[in-house]
Amino acid sequence: QVQLVESGGGLVQAGGSLRLSCAASGNIVRIDNMAWHRQAPGKQRELVARITRSGLTDYAASVKGRLTISRDDTKRTVYLQIDSLKPEDTSVYYCAAVVQSDGSGWANYWGQGTQVTVSS
């Protein structure tokens, strides 16, 4: 069984920064792409950043320049640095990863989400 656990969310003032973490655990053979999504109240979940196994990154146009995604494969962890936070960044942030597990092959896994609230 593979689990993704996010951490690092919280309440922050506009203009501040946060660093979210997402650690993968379980019978993992290999982790391919990793990504961060977010979902604001009443809105659809949206992809904000993703990173390939080789380190190539891609960002949603709405957040480009303020978000930085990175990964540490020795820790099986993906990070999301969010700078210059705005009230519209308030969302639940979810990590996702494409994982090859021992005995189950490749599958897409999701974390439970971490709340980020930005006050104006």
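Aspartate 58 is partly exposed at 35% relative accessibility (buried means under 20% relative accessible area, exposed over 50% and partly exposed in between, with a 1.4 Å probe and protein chains only). Its partner in a salt bridge is arginine 50, at 3.1 Å from N to O, where a salt bridge is a side-chain nitrogen of Lys or Arg within 4 Å of a carboxyl oxygen of Asp or Glu. Arginine 50 is likewise partly exposed, at 42%. The model is a predicted one, in which local features need pLDDT of at least 70 and side-chain atom pairs count only at pLDDT 80 or more, while totals for chains, interfaces and linings use all residues. Residues are numbered from 1 along each chain as its sequence is written, and side-chain values use heavy atoms, leaving out hydrogens and water.

The structure contains five salt bridges. One of them joins aspartate 89 to arginine 66 at 2.8 Å, N to O. Because aspartate 89 sits in the loop between β8 and β9 and arginine 66 in the loop between β6 (57-59) and β7, this pair ties together parts 23 residues apart in sequence (strands are DSSP runs of E, at least two residues, numbered from the N terminus). Aspartate 89 is buried at 0%, and arginine 66 is buried at 12%. Both belong to a network of salt bridges that also links Arg38 and Glu46.

Arginine 71, buried at 15%, forms a salt bridge with aspartate 73 at 2.9 Å, N to O. Arginine 71 is also in contact with valine 78 (contact means heavy atoms within 4.5 Å). Other contacts of valine 78 include Leu20, Met34, Trp36 and Ile69.

Conventions
Helix = DSSP H or I, 4+ residues; strand = E, 2+ residues; numbered from the N terminus. Lists of a residue's contacts leave out its neighbours within four places in sequence.
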